[in-house]
Amino acid sequence: MANTLFDKIWDAHVVQKVEDGPTQLYIDRLYCHEVTSPQAFAGMRARGLKCFRPERIYCMPDHNTPTHDQDKPIEDPVSKAQVDALAKNAADFGLTHFGMMDKRNGIIHVVGPERGLTLPGMTIVCGDSHTSTHGAMGAVAFGIGTSEVEMVMASQCILQARPKTMRITIDGKLGKGVTAKDVALYMMSKMTTSGATGYFVEYAGEAIRSLTMEGRLTLCNLSIEMGARGGMIAPDEVTFEYIKGREYAPKGADWDKAVAYWKTLKSDEDAVFDKEVRYDAADIQPMITYGTNPGMGMAITAHIPVTEGMSDVEKASFEKSLHYMGFQPGEPLLGKKVDYVFLGACTNGRIEDFRAFASIVKGRKKAENITAWLVPGSWMVDAQIREEGLDKVLEEAGFAIRQPGCSACLAMNDDKIPAGKYAVSTSNRNFEGRQGPGSRTLLASPLTAAAAAVTGVITDPRTLM
């Protein structure tokens, strides 16, 4: 029987199937950060258990880490307690831990791929919804709850219901100034935040194949925002070239053997998906969100939708969202003044994102009304920025580079957007209060963020390219 990429990886990891129940699935890699692991470790201790396969588990703090003065003690007591607890738990259970100031530290979903810890054909879990990022490497990767983290620690397996499969194909070539972030925001605007609920999505088509590894990681990162269980892209030469030579990647004869297997990881020609969706790359423009969920997005040159044709329930939700944002139905966003710009997160904190941002700001100056936070996704990204001289370009334009961490993606550390202020953000969620109580988030690509940073207003990045 013809199989999808998802089926091939899932079936290779099934330990047993519970009749009329879930599947016991073997997990190749568990990533742990400081927010969703303490209760799992506490449960292990209470039951006197050791981690079944400690070499499969990698820990690092990212959510609570400050993006400045990481060499000093964390000032916020809650953040400090969580970061310290992870270090102690990793030591007690014999797990690999990349602590703050360790050159291997960073956002877990940035570090995994760049270190070669995430590989094609793997099953990967983490107590974090954006674990779907790792699917870009051709892995089955998904977020899990804290009790499930404990289950994987204890048994290296998880009980999961098998999701349905969906393929989203994007035909044609992406236009000028259109990035993977815009592709994801476009898909969400069409499918809504629940359009892929219950599905594991495979992305395919010419536009997807043309994406770099960083672009693919951005796209898969946002799968969860459509309600999907995860997202994935079949590995190809782009994937292999990216992985080769990385710290934890296979070497020598092991590399040749791995690549031979990885080349089989693609959906068969006649594989049947539970759902097929197609879009045309030519229809995708640089995007920006105007509301309080990632599906409320539009082309940057468009007008906010009007309420005609909406049901009473839809209209009430839509108007509540716009009221929070301080926007009106039917108005454009171009030229609207913003206060903050955030480049970073597990969505857009990679080297390519900093290159894109620098390409717009080079030879220009940061607008006086803008507070900009540029946060590398890891120390490796930070080192690449300096090796390529991007730090000089950014500094000349009036920007400073902060230390790695999740930063302003979520209000769990010092980097919070004040109430009522507008932030053009390259992160993944624009819910009410996500970046700080009362903060107003406009999700966009690094190019669009850079355009706002130098003009002080929402600007079509294509006008600066």
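Strand 1 (residues 14-17) and strand 2 run antiparallel, joined by three bridges. Keep in mind that this is a predicted model.

*The hairpin*
- Strand 1 and strand 2 make a hairpin, with five residues between them.
- In the turn, D20 has a positive phi of about 55°.
- K17 has T23 in strand 2 as its bridge partner.

*The other partner of strand 2*
- Strand 2 is also joined to strand 8 (residues 157-160) by four bridges, and these two run antiparallel.
- Across from L25 you'll find I158 in strand 8.

*Which way the side chains point*
- In a regular strand, side chains alternate between the two faces of the sheet.
- In strand 2 (residues 23-26), T23 and L25 point one way, while Q24 and Y26 point the other way.
- All four of these residues are buried.

**The listed binding site**

- An unreviewed UniProt entry lists C346, C406 and C409 under "binding site".
- These residues span 64 residues in sequence, but no two of their C-alpha atoms are more than 8.8 Å apart, so they gather at one spot.
- C346 sits in helix 12 (residues 345-348), and it is buried because its relative accessible area is 8%, under the 20% cut-off.
- Among the residues C409 touches are F342, N428 and R434.

How values were computed
Residues numbered from 1 in each chain as written. Predicted model: local features only at pLDDT ≥ 70, side-chain atom pairs only at ≥ 80, totals over all residues. Heavy atoms only, no water. Buried < 20%, exposed > 50% of the residue type's maximum accessible area, 1.4 Å probe, protein only. Pairing = 2+ DSSP bridges. UniProt positions renumbered as here; feature names shortened; annotations may be inferred. Contact = heavy atoms within 4.5 Å. Lists of a residue's contacts leave out its neighbours within four places in sequence.
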